[in-house]
Amino acid sequence: MTKKLVIFDLDGTLLNTITDLANATNLALEKLNFPTHPEDAYKIFVGNGIDKLFLRALPEQYKTPEYVKKVREIFVPYYNDHNKDFTAPYNGIIDVLKNLKKNNIKIAVASNKYHEATLEVVKSYFPEIEFDVVFGHREGYLPKPDATIVLDILKICNITDKKEVLYIGDTSVDMNTAKNAEIDAVGVTWGFRSEEELKSCHPKYIIHQPEEILKIALE
């Protein structure tokens with residue numbers, strides 16, 4: 001059955017954002033006289049929203065709301081100005097998005113990146129793509145894996161049959177978001193987490209190349 005809606009995670013699924021996220025967090029840590037981390041460490045730190053990112057990056061004795069706020073106050077203005085320094089779409093993603101739209105399949109973004117930055121980077125990197133809905137982490141809402149963000153997208157897109165929907169992401173957070181929303185999950189191996197992590201969540205599909213999305217969505 002051809003799908004009517006495909007929902008994408010953003011960081012690690014549509015965009016490789018890890019260098020810019022690592023640089024912005026490390027800058028904040030440096031300004032607070034804390035140790036920084038290698039870029040690869042951030043592949044584990046990200047995925048649950050920026051507050052959780054900061055908690056993971058802070059030294060053990062400073063993992064407090066007060067210091068999360070201090071890091072955020074430095075991170076956000078810097079990241080807003082530098083979120084396109086090294087970020088880029090994964091190879092093949094733009095063609096996949098265009099082909100989904102050509103086949104009258106709705107597309108949406110559901111990210112734990114804060115909402116303003118989500119809107120900005122989607123607009124910057126996919127100016128020719130007309131997403132039906134773009135949601136980041138909105139104030140007052142729980143982050144993924146809470147299913148609210150996905151359920152809100154289904155309402156806006158007027159989708160009532162969850163069998164007509166795919167959720168695509170690169171982390172266990174994404175796989176559990178799909179599970180909580182009761183829709184089919186597609187785990188992608190080109191992102192920030194391992195194939196083993198994805199398999200542990202038992203998604204319906206695990207794929208290795210973006211073009212595989214079309215085969216699943218159009219089958």
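The structure holds 14 salt bridges. The model is predicted. Side chains of opposite charge can pair when their charged atoms come close.

**K144 and D9**
- The side chains of K144 and D9 form a salt bridge, with N to O at 3.0 Å.
- K144 sits in the loop between β5 (133–137) and α7, and D9 in the loop between β1 (5–8) and β2 (15–16), so this bridge ties together parts 135 residues apart in sequence.
- Both K144 and D9 are buried.

**K204 and D184**
- K204 pairs with D184 in a salt bridge, and their closest N and O atoms are 3.5 Å apart.
- This pair links distant parts of the chain, 20 residues apart: K204 is in the loop between α9 (195–200) and β8 (205–207), while D184 is in strand β7 (residues 184–188).
- K204 is exposed, at 53% relative accessible area.
- D184 is partly exposed, at 23%.

**K199 and E195**
- A salt bridge joins K199 to E195, with the closest N and O atoms 3.5 Å apart.
- Both residues lie in helix α9, four residues apart, or about one turn of the helix.
- K199 is partly exposed at 47% relative accessibility, and E195 is partly exposed at 27%.

**Shared partners**

**E164**
- E164 lies in the loop between α7 (148–156) and β6 (165–169).
- Its relative accessibility is 12%, under the 20% limit, so E164 counts as buried.
- Leaving out residues up to four places away in sequence, E164 touches M1, K3, K4, L5 and I159.

Notes: Residues are numbered from 1 along each chain as its sequence is written. This is a predicted model: local features need pLDDT of at least 70, side-chain atom pairs count only at pLDDT 80 or more; totals for chains, interfaces and linings use all residues. Side-chain values use heavy atoms; hydrogens and water are left out. Helices (H or I, at least four residues) and strands (E, at least two) are DSSP runs, numbered from the N terminus. Buried means under 20% relative accessible area, exposed over 50%, partly exposed in between (1.4 Å probe, protein chains only). Contact means heavy atoms within 4.5 Å. A salt bridge is a side-chain nitrogen of Lys or Arg within 4 Å of a carboxyl oxygen of Asp or Glu.
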